[in-house]
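Take a look at the chain below.

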Amino acid sequence: MTTTRVPRPPQASAPAAPAAPPVRQLPVRRRRPAMIAASVALIAVGSLAGAYLYVATGHRTPVLALAHDVPAGAVLAVDDLVEAKIATDPALKPVPAQDIKAVVGKRAVSGLPAGSLLTEKAITSDPLVGPGQQLVAVSLEPSRIPATPLAPGQKLQLVQAPRDGAGATTTQAPAPALTAVVVRVGKPASSGETVVDVAASTADSATLARWSARGEVALLVLPAGG
C-alpha cells in the first residue's frame with residue numbers, strides 16, 4: 001500500500017512591524033540668573049508696596065472738620081465741628097479731634113466751608129474789637145442794609161444819610177465816611193430794622209452812635225482785603 005503526501009500550502013509570512021518614529025529631543029532651556037533675580041526683586045517690591053498701602057490706609061487719625069459753613073469772624077461752637085478720620089499725611093496739619101475744647105470759642109479767620117478740615121491757621125483767639133476800638137450798635141432800615149447777609153469780620157464803610165434830606169443843606173459838606181468791622185448781626189425786628197454790632201475806632205464811635213440814633217446811617221461792604 002502506498003501513501004501519497006499531500007503538499008502543505010505555503011504559509012503567508014507575518015507583516016513587518018511599522019518603523020518607530022524618530023525620537024525628537026526637546027531643546028534644553030538655559031537658565032538666566034539675572035532674569036530670575038529681577039523677577040524675585042519685582043515680586044518683593046510689589047509685596048512691600050502692598051503692605052505699605054494697607055498699613056497707610058488702615059491707620060487713620062481722628063481730626064476736626066466743619067459740620068456746616070462757618071462765616072468769617074464767627075465764634076466756633078461744638079455744633080460747628082465734627083470728627084473725621086483721615087490717613088496720616090505730612091502735608092496735612094489738621095487740628096486733632098482731642099483738641100476740640102481748645103478750639104471752641106475761637107473765631108474763624110476766613111469763611112470755612114462745610115466738610116473742610118480745620119487747621120490752626122484758620123482760627124484765632126484775637127477779639128474782633130481790638131485796642132483803640134469800641135463796640136457800637138448801628139440800627140439799619142431794610143433799605144440801608146445789603147440784601148446779602150453780613151458776616152462777622154467783614155469790613156464796612158458807613159456814611160451819613162439823613163432821612164429825606166433832613167439835616168443836610170446844599171452848602172454843607174458831606175460828613176466823611178467811617179470804617180468799621182462787623183462783630184455781630186442781630187435778627188430783624190418786627191419793624192424791619194436790623195441791629196449790627198460794629199467795631200469802630202474810638203475817635204469815630206461817638207459820631208457813629210449819633211448817626212445811628214437819628215437813623216442816618218447807611219453802609220457799604222468793602223471787598224475782602226480792602
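How many bridges join strand β6 to β9? The count is 5 bridges, and the two strands run antiparallel. This is a predicted model, in which local features need pLDDT of at least 70, side-chain atom pairs count only at pLDDT 80 or more, and totals for chains, interfaces and linings use all residues. Residues are numbered from 1 along each chain as its sequence is written, and side-chain values use heavy atoms, with hydrogens and water left out.

**The whole chain**

The protein chain holds 3 helices and 9 strands. Helices (H or I, at least four residues) and strands (E, at least two) are DSSP runs, numbered from the N terminus. Along the sequence, the pattern reads α-β-β-α-β-β-β-β-β-β-α-β. The protein chain has 226 residues, and 24% of them are buried. Buried means under 20% relative accessible area, exposed means over 50%, and partly exposed lies in between (1.4 Å probe, protein chains only). Now take the contacts, meaning heavy atoms within 4.5 Å. Of those with a separation of 6 or more, 67% link residues 24 or more positions apart.

**The five-stranded sheet**

An open sheet of 5 strands has the order β5-β8-β7-β6-β9, and its pairing is antiparallel. Two strands pair if DSSP finds at least two bridges between them. Strands β5 (133-140) and β9 (217-221) stand at the edges. Each has a single partner strand, so one side of each lacks a neighbour in the sheet. From one strand to the next, the twist averages 45°.

Strand β6 covers residues 155-160. Two of its residues show how β6 meets β9. Q160 has V217 as its bridge partner in β9. Q157 has L220 as its bridge partner in β9. Strand β6 is also joined to β7, by 4 bridges, and these strands run antiparallel. There, L158 stands opposite L178 in β7. In a regular strand, side chains alternate between the two faces of the sheet.

**A helix across the sheet**

Which strands does α3 lie across? They are β5, β6, β7 (178-185), β8 (194-201) and β9. Helix α3 runs at about 15° to β5. Axes are lines fitted to C-alpha atoms, for helices over the stretch in contact, and angles run from 0 to 180 degrees between N-to-C directions.

S212 sits in this helix, which spans residues 202-213. Is S212 buried or exposed? S212 counts as buried because its relative accessible area is 11%. Leaving out residues up to four places away in sequence, S212 touches A137, V138, S139 and V217. A polar atom of the S212 side chain lies 3.4 Å from the backbone oxygen of A137.

**Two salt bridges**

Side chains of opposite charge can pair when their charged atoms come close. A salt bridge is a side-chain nitrogen of Lys or Arg within 4 Å of a carboxyl oxygen of Asp or Glu. By this rule there are 2 salt bridges.

| Salt bridge | Distance, N to O |
|---|---|
| E141 and R144 | 3.9 Å |
| R214 and E216 | 3.1 Å |

R144 is buried, at 14%. R214 is partly exposed, at 43%. E216 is buried, at 9%.

**A buried charge without a partner**

D80 lies in the loop between β1 (60-66) and β2 (81-87). D80 is buried yet has no salt bridge. The nearest side chain of opposite charge is R107, 12 Å away. Lys and Arg count as positive and Asp and Glu as negative, while His and the chain ends are not counted.

What does the side chain of D80 make a polar contact with? The partner is the side chain of H68, at 2.7 Å. A polar contact is a pair of N or O atoms within 3.5 Å; within protein, one must be able to donate a hydrogen and the other to accept it, and residues adjacent in sequence count only if both atoms are side-chain atoms. Beyond four places in sequence, D80 touches A65, L66, A67, H68, V70 and V75.

L64 is found in strand β1. L64 counts as buried because its relative accessible area is 2%. Among the residues L64 touches are L81, V82, I100 and V103. L64 and V103 are 39 residues apart in sequence. In space they are 9.5 Å apart, C-alpha to C-alpha.
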